[in-house]
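Here are my notes on the two interfaces. Please read them with the structure open.

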Amino acid sequence: MTVDIVSRTVQDSARRSPLGTYAGQLAAVPKGVSIREVPFLTQLDLRVEPGGEAAAAAERVLGVALPTTACTAVSGVDGAEVLWLGPDEWLVVAPAGQDALEGDLRAAVGQQGAVVDVSAQRTTIAISGPRTADLLAHGCSLDLDPRVSPKGTCVQTLLALAGVVLVVRDEHAGDVWVLVRSSFARYLADWLLDACAEYEDDPSWR
Amino acid sequence: MTSSFRLPTGGRVDRSTELAFTFNGEALTGHRGDTLASALLANGVHQVATSVRLGRPRGIVAAGAEDPSALVQVEEPFPEPMLTATTVELHDGLVARGLPGQGRLADEPDPARYDAVHAHCDVLVVGAGPAGLTAALTAARAGARVVLVDEQREAGGSLLGAPERLDGAPALDWVAAAVDELTAHRDVRVLQRTTAFGHYDDGFVLALEKRTDHLGAQAPANRARQRVWRIRAGHVVVATGAHERPIVFAGNDRPGIMLAGAARTYLNRYAVLPGSEVVVFTSDDAAYAAAVEIADAGGHVAAVIEARAKAPAHWAEECARRGIEVRTGHVVTGTSGTDRVTRAHVAMLADGVVGPRTGIACDTLLVSGGWNPTVHLYSQARGRLRYDAALGAFVPGEEIDRASVAGSATGEFTLAGALRSGHDAARRALASAGLSTEGLPAEPELPVTDPEPPAQPTRVLWSVPDPDPDAGHGDQRFVDLQRDATVGDILRATGAGMRSVEHVKRYTTIGTAHDQGKTSGVIASGIVAEALGVDVGELGTTTFRPPYTPVAFAALAGRDRGVLHDPVRVTAVHDWHVMHGAEFENVGQWKRPWYYPQDGEDLETAVLRECAAARESVAMMDGSTLGKIDVQGPDAAELLDRLYTNLMSSLKVGSVRYGVMCGLDGMVIDDGTVIRVADDRFLVTTTTGNAAKILDWMEEWVQTEWPELRVHLASVTEQWATIPLVGPRSRDVLAAVAPDLDVSNDAFPFMTWRDTGVAGVPARVCRISFSGELAYEVNVPAWDALAVWEAIFAAGRQWGITPYGTETMHVLRAEKGYPIIGQETDGTVTPQDLGMAWVVSKKKDDFVGKRSFSRPENLRPDRKQLVGLLPVDGDVLLPEGGQVVEVDALSQPPVPMLGHVTSSYRSAALGRTFALALVRSGRERVGQTLYVPLEDELVPVTVTDSVLFDKEGSRRDG
Amino acid sequence: MQLIACPHCGPREETEFHYGGQAHVAYPAGNATLSDEEWGQFVFFRDNPKGPFAERWVHSAGCRRWFNAVRDTATHQILAVYRQGEPKPVVA
C-alpha cells in the first residue's frame, strides 16, 4: 500500500507553477505585448558585503562582478543573472534546475554572508513586445522610458498593488521580467489580463 | 423644435452629423462638436434646471466648467447625476434632464471600465490655449518630453470662442498647425478632453481624461470610459486661462442671463445666437466684443449698460456704427421674467446711490465684471496668490518650485501677451527641469497678432445695490446660484461677527457646490471686504483644493474594483480547496480555507466533524500562509535571543521551540515556532497576518540598532508550503508518505524536525502541534505542494483523513488554551497575562520588552488575564467580544466591566460550548460565576483555567 | 503623491515607504538600571517639533533598507536623507 502510494505520487509530483493554469489566457492577449510565465527559475538571495572577500568568492562562482550600482542587473555565466536588491543584497536568477548553485555559493561565502533558496518564493512573468512599457504604465509609477530605464535596469517597486522586481532586458523597454511573489502571481496575472482588455480593438496593438 | 438659433455658417460644429437627444422628455437635435448646453441654446432652450432651495428657474451662465447653474442628470446611456450641461459633450442618444439642485445616483453597478496610467515628462502644460500651445511648442522644440492636457474636445482654448487672427489668418489655423507639430514629436503627448484636477507635491498632477463619454452608447465596452492620468512632471506650466466674473444684482439668476464671454463662445465656437434681444451689462472692455459680434451675427443688441463713467473709445465707436446704445455710468439693478429674463431694469449708479430705473426689454442679458485668472492648480501646489486691485482678481504671486503660470491665468489678458508668456514660462520650465534651451532661437518665433485697441481699466464692481430691498421677495442678489446664497446671506454672516472668508463660506455655503465657487468665490471675498471695510487682498480668498472639477469615485477607483480591489493571495494548494468545496476566509489578503462543508453541512456541523477527525483519527490543513523568515549568520542566535522573550541560543540543531515576541512595552506582538537549521541558521515562523510586519520589525532592529550583528534575514513565506498533519493517525499517514523517515516517538520526538522525502519530494517535517494532538507539519517547496498534499490525502484515506480549515484550527487550539495573536491579544496583553510566564526567560540579561515587565502597570494583580469560560448551559454559545460582568442583573450604567470574550466555540471534544476571555484578575477568579450579556439576558459562566482539553498533554505523542 | 529619495534607490513614490518615528533614539543598553520614569520616557515619549525633524523611514516596497530623513513637519518637505550610521546632516 505504502509503496503504491509513493510510486504513484512520485509520478504525479510534477511541479506546479503559480501561473501554470494561466498559460492559455496569457497567450491570448492582444499582439502589442506577449506575456508568459517563466516558471521554476533557480533564485537565490545572496547577502555579502560588497567588495569584500565573500563577494569576491561569490563573483568567482557566478563569473561576474556583483552589480554595485543601485537598481541594475548583470548577466553571469550559464544563463545566471545577478539582480541588485539592496546595498548588500542580490538575487541570483539562474535557469531552472541549477540545484548545485545554492551549495556552491554558500560554500563560497561561508560565514561572511548568507545564501537562501527562494526559487519558489517568486515566479517570473516575462512581458515583451512594443507596447510593454505602455502596459506596465497602467500600474507602475516608475518611468520605463529607455532613456531613463535602460537595459539592465532592475527595480523593486509596486506594480498595481503587488510588490515586484522588474528587470528591463532590452534596449527598447520591449522585454521586461516581472518577478512576483507566488501568492500574488494570480492577482497580477488577472490585473495584466484586465489591463490588456483595453487594447483588444486597438489597431496599434494588432 | 427646430434649431432656430443655429447660424447657417461658422463655428466648430459638424453640421453634416445630426445627433438626436432628449432633454426633459423633449426630442431635440444638435451636431457633433456641441455640448449639451450649446445644443439646448441652439434649440432656444435657456432654462435647464431649478434651484436647490428656492426652486427658481435656472439657465446656462457659462460655456465651461465654471458654470454654476445648468445642472443636469444624464439618464442614458448610464445614469450620472450632477453634471453641468456645459461640460457634457453631445452624442447621439443622449437622454438628460435638468436637476432641482440634486441628482440621483444609479442604483445599479456602473458597467463602464475606468483605468489609470502613469506618465512622465519634463514639462507638463495644462491648457491648450494660446499660452499653453506656445509653451508646449517651445518645450517640444527644445527636445523636452512634453505632455499637454486640455479639457476641451479640441485645442485652442479662448481662440475657439473668439474670431481672433494670428499671422494674418484665422487663429485656429495656427492652432491646427501647432497641434500638428506637437503630435509629430515623438516625445509629446497631447491629451484632449483631459482635465488636470489636482496638482500635488514634486510635479505630480492628476488629470481625468474622458475617453468615450462622447461616444454614448457606441462607446466600446472594453475601452476605459474615463482614465486618471498620474503625471509626474519635471515642471508644470499652468496655462488654464481665466473665468469671467459676473456682477451681482437683483434677479441675476434668471435664465437668459449669461456671461458675456460665454455668449461669444456660443456664437463663435458653436454658431449659436444666444438670444434675439440682447442687453449687455459690463464694467470691463471684453463684453463689447460680445455686443458687436452678436449684432454682426444678426442679433439685436438693445443696449450696452456700462458701469464705468466712460466707454472705451474704440468700442463706443464700434457700437455707434451698429446703432447700439451705450449707457455709461449705468448698471442693471434688477430683472423681470418668469422662465426667462424679459426685461432688464437699468439705472444710474453714482456714489453707491441708484437713480431712477427704466426697463429695457430683452431675452438675453450678458454680464461681465472682469476676469479671474484660473489659479486653482497653481494655488493647490501651494502657490501664493496676490490681489490685483486693478483687475479685481487674485493672481499668482512669486513662482514656486516646479511650476509656472502662463497666459491669462497670470492676469495677462492680451493675446500677444499670452503667447509671449507661454514662451517665457516654457523657458523657465526647461531650465527648472534641467534641460538646455540652446536649440531655441534667441528671440521667440511667435505668431503676429492683430493690433488690440487700447484698454480701459476694469471697474471692480462686486454687486449692485438692491434698489427695492423691501419688495417682500427676499434678497435676490445671488452670489452662488447653485447654493441659492445671496448678498444678504453674506451680510448676515458678517453681521454675526464673522471676519474670515473661510467662516463666511461655511456659514453661507458659498463656493461649496459642484462648481466650488469658480464664479462666486472672489465676489464673495469682495462683498465681505466691503462689508467689513477691509482690503480684499488682506482678507484673501478661500483655499483652492483638488479636485478642480468633480471626479467620479469610479474614475478614482479605476481598475481596483471587484476581484482586483485588493490583491487576493492564494497558496499553491488553492485550486484543490476550491475543487473540494471549501468555504474561504479572508486573512489579511490571503484566502484561507475556512471549512469544507459536505452534503449541505453548515459551518457548525462541518467544524464539529473536522474537529472530531483531528482528535480521533487524522486531519490535514493548508498552513502555507504562515510567515517564514530565514535567519542566517554567526549572530543569528544572538539576534533571536534579543527579540524573543525566551532563549533561542540554547536550541539544538534539529529542534524546534515555540517563541513569543514582545514590543518595547512588553506587549505580545507575535508568536510562532523557531527551528534551528544549523549553528548559524534558523527558520522562524510568524502568524499569517504579521509576516511582513515582523520581518520589518526584525530588520529595523538589525539595521538600526544592532548593525554589528552578523546576521541576515530573508522572507521565505512563499518558498515553503506548509501542511499540518494532525491526529492520532498522523504518524501512520506520515510513515506512508515518508518511507525513509523513522517516525517513532523516540527517533522523532516532539519539538524536533527532520529532512526527508515526502511523496518523493525533499521536505522538512516538524513535529509540532497547535492542537494538543500528535501532529506534524510538512514543509515542501511551494511548487511541489499540490502533489504532496494529494499524496498525503491519498495516503490518509484509509483513516478517513479530513481536510480542515481555519475554523477547526481555531477550535482545536482554543480547547488547549493556545492564544491567537490579534484575537486573544490586542496590543495590551503581556505573556504573563496569557498565563505564559514560562515563555519569558529569566536567564537573559535583556530582550526587547523585558524592562517593561517590571513596570508597575504590568505588575498589577488586577490585570486582565486569559481564562476559560464555561457557560453554565453548555448549549449557549457566547458572542465573541461580549463583555464579562460580575453582576447577574444590569444596574444603571456604568456597569463595571471585567473584560471580554476573545474566542467562543462549540467543542466536539468537550461536548459543550466554551470560551476564552480576558478577565480582570482572571486567574484568581477560577471557579467563580460571572456573566456575559447575550441579547437581553445575562448568561452565567464559570471561570476556568484556559486549558480545557487534555490538561496533562497526554495526547501529544499519540 | 510625494517623492521620497531613498538613499539607495533614488526618488520613489511615498507609498513605497513606511514611517519609523523619530531617529537617533538609541535603545538604552543596561536598561535594567533605568528608573521606571526613564524607561517610560524611552518607550512612550518622542519629540513632536514643528519644523525639521529627523525620522526613520524604510523603503519597504523597494530595497527594504532603513534610512533617516530630515522632514519639515510643517511643510512635509524632506530636507535631507541619509543612510543608517551616517551623521544627521545640517539643514537650513
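1. First, a term. A salt bridge here is a side-chain nitrogen of Lys or Arg within 4 Å of a carboxyl oxygen of Asp or Glu. B:D784 and A:R15 make such a salt bridge through their side chains, at 3.7 Å, N to O. Between chain B and chain A the count is 11 salt bridges.

2. A word on the basis. This is a predicted model, in which local features need pLDDT of at least 70 and side-chain atom pairs count only at pLDDT 80 or more, while totals for chains, interfaces and linings use all residues. Residues are numbered from 1 along each chain as its sequence is written, chains are lettered from A and ligands numbered from 1 in the order in which they are written, and side-chain values use heavy atoms, with hydrogens and water left out.

3. Chain B against chain A: polar contacts. The rule finds 34 residue pairs in polar contact across this interface, both residues at pLDDT 80 or more. A polar contact is a pair of N or O atoms within 3.5 Å; within protein, one must be able to donate a hydrogen and the other to accept it, and residues adjacent in sequence count only if both atoms are side-chain atoms.

4. Elements of chain B that give two or more residues to it include β8 (113–126), β15 (224–238) and α19 (785–796). Helices (H or I, at least four residues) and strands (E, at least two) are DSSP runs, numbered from the N terminus. By class, this side has 26 nonpolar, 13 polar and 20 charged residues. Ala, Val, Leu, Ile, Met, Phe, Trp, Tyr, Cys and Pro count as nonpolar, Asp, Glu, Lys and Arg as charged, and the others, Gly among them, as polar.

5. Extent of the same interface. In contact (heavy atoms within 4.5 Å) are 59 residues of chain B and 55 residues of chain A. The buried area is about 4,800 Å², with 49% from carbon and sulfur atoms. Buried area is the accessible area (1.4 Å probe) that two parts lose on being put together, summed over both.

6. Chain A against chain C. Here 15 residues of chain A and 11 residues of chain C are in contact. The two chains bury about 970 Å², 48% of it on carbon and sulfur atoms. A:P87, A:Q156 and A:L158 supply 39% of the area that chain A buries there, more than any other three residues.

7. Charges between chain A and chain C. The count is three salt bridges. In one salt bridge, A:E89 meets C:R64, with the closest N and O atoms 3.6 Å apart.
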